[in-house]
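Dear colleague,

Please find the structure handed over with this message. My notes on it follow directly below.

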Amino acid sequence: MSAKNPEYDFKWCPGCGDFGVRRALEFALTARSQKYELPMSNNVVVAGIGCSGNLVHLLEGDQPFGIHGIHGRTLPIAFGIKMARQELNVVVVAGDGDFLSIGAEHLGPQAQRNLNVTCVVMDNGVYGLTKGQSSPTTHIGVKTSSTPFGKIEDPVKPLSLYLELGVSFIASHYSSKPKELAGLIEQAMDHPGFAIVHVQSPCTTYNDTYEALKGNKAKGIEPLAVPIPADHDPTDYKQAEALLSQPTIPVGVVYRAERTTMDARYVQMIAGVRERTPEALAKTYAI
Ligand SMILES: Cc1ncc(C[n+]2csc(CCOP(=O)(O)OP(=O)(O)O)c2C)c(N)n1
Ligand code: SF4
Ligand SMILES: [Mg+2]
């Protein structure tokens, strides 16, 4: 627990992948503050409810603003902040359940808006906080507390879903390399538009995927997480589609597209609006 939050009663389990994601976010926010000579208070972290969302209480060092909101509603909160305060760097942190189950309905609209926020999704393939129920990314056949005979639904493919919905920056990594992950989060924060960094963040208590992700030579297990080839062009949609058709988990930037952002359009619209008094406005409704 952060020394900044001695009253907050929450601890991650030993080895939880979210520790690495927290470190990566700290690196990325610090680097961004130094690069643009901005105070840490230029950043707002909007957290979902879940073990992952508790990251907002655990950050060390200079503190960004933080909102620990409602399960599944990180994106509406981030949308509100960005529309009111375009100068703030808004970062969403959420779990696979929060972002892809109850919160999934918000993905399409924010992708179409190209809302200029960065989302760091911690995918552990379960609902960790509520004791290990299956989530949208739990694989078929896996036994959890809510699927005692094995899950009978196919899993969601988050990266393909983001691409199909029109998310303009998509990156993927796992939690064990915080410095590398920080680099991706920095790129996502610099991207003008809706950016998602999807992180495999193993839950050591309910779904320990470290060995699968990193592989184990001694046991003949090939790593599931594989660096994206150097010749991959992330601006090419077809190449991104082809990359995501592989059974492995790509590590790096999958896709990137330059499009006008919602906040830029909003500022432009407001600049063109003629100011009117309440009386003049009321008259426009008169019959
Ligand atoms: C509206 C609402 N529905 C359900 C819950 C209960 N709940 C809290 S966390 C959670 C799932 C967390 O899973 P995930 O988002 O994957 O986060 P993790 O704990 O795995 O990091 C659920 C169902 C809630 N708090 N609020
Ligand atoms: S239950 Fe899983 S996700 Fe939650 S703190 Fe423990 S290891 Fe991490
Ligand atoms: Mg989860």
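Which helix gives the most to the lining of the largest pocket? Helix H6 does, with 3 residues. Helices here are DSSP runs of H or I with at least four residues, strands are runs of E with at least two, and both are numbered from the N terminus.

Before the details, a note on conventions. This is a predicted model, in which local features need pLDDT of at least 70 and side-chain atom pairs count only at pLDDT 80 or more, whereas totals for chains, interfaces and linings use all residues. Residues are numbered from 1 along each chain as its sequence is written, chains are lettered from A and ligands numbered from 1 in the order in which they are written, and side-chain values use heavy atoms, with hydrogens and water left out.

The pockets

A pocket is an open set of points, on a 1 Å grid over the protein atoms alone, with protein on both sides within 12 Å along at least five of seven lines; a cavity is a set of points where a 1.4 Å probe fits but cannot get out, and lining residues have an atom within 4 Å of a point. Grid points are joined across faces, edges and corners, and a volume is the space filled by probe spheres set on the points.

The largest pocket has a volume of about 690 Å³. Its lining comprises 32 residues, and those nearest the centre are His139, Val156, Pro158, Gln200 and Ile249. Two or more lining residues come from each of helix H6 (158-165), strand S8 (195-200), helix H8 (210-214), helix H9 (237-244) and strand S10 (249-256). By class, this lining holds 14 nonpolar, 15 polar and 3 charged residues. For these classes, Ala, Val, Leu, Ile, Met, Phe, Trp, Tyr, Cys and Pro count as nonpolar, Asp, Glu, Lys and Arg as charged, and the others, Gly among them, as polar.

The second largest pocket has a volume of about 220 Å³. It is lined by 16 residues, with Cys13, Cys51, Gly128, Thr205 and Tyr206 closest to its centre. Its lining divides into 8 nonpolar, 5 polar and 3 charged residues.

Ligand 2

The second largest pocket is the space taken by ligand 2; a molecule is said to sit in a pocket if more than half of its atoms lie within 2 Å of the grid points. Around ligand 2 are Trp12, Cys13, Cys16, Cys51, Asn124, Gly128, Cys203, Thr204, Thr205 and Tyr206, each with a heavy atom within 4 Å of the molecule. This shell has 6 nonpolar and 4 polar residues, and no charged ones.

The magnesium ion

Asn124, listed above in the shell of ligand 2, is also a donor residue of the magnesium ion (ligand 3). The ion is coordinated by Asp96 (OD), Asn124 (OD1) and Val126 (O), at 2.0 to 2.2 Å. Donors are N, O and S atoms within 2.8 Å of the metal (3.2 Å for Na, K and Ca), and water is not among the atoms, so sites may look incomplete. The spacing of the donor residues in sequence is D-x27-N-x1-V. Because Asp96 lies in helix H4 (residues 96-102) and Asn124 in the loop between strand S4 (118-123) and strand S5 (126-127), the pair ties together parts that are 28 residues apart in sequence. Asp96 is buried at 2% relative accessibility, and Asn124 is buried at 12%. Buried means under 20% relative accessible area, exposed over 50%, and partly exposed in between (1.4 Å probe, protein chains only).

The cavity

The count comes to 1 cavity of 30 Å³ or more. Its lining consists of Ala31, Arg32, Lys35, Tyr36, Glu186, Met189 and Asp190. Helix H1 (18-36) and helix H7 (178-190) each give two or more residues, and H1 gives the most, with 4. The lining has 3 nonpolar, no polar and 4 charged residues.

Backbone and contacts

Glu37, in the loop between H1 and strand S1 (43-47), has a positive phi of about 50 degrees although it is not a glycine. Glu37 is exposed, at 73% relative accessibility. Lys131, in the loop between S5 and strand S6 (133-134), likewise has a positive phi, near 85 degrees, and is exposed at 56%.

Val45, in strand S1, is buried with a relative accessible area of 0%. Val45 and Cys119 are 74 residues apart in sequence and 9.6 Å apart in space, C-alpha to C-alpha.

With kind regards
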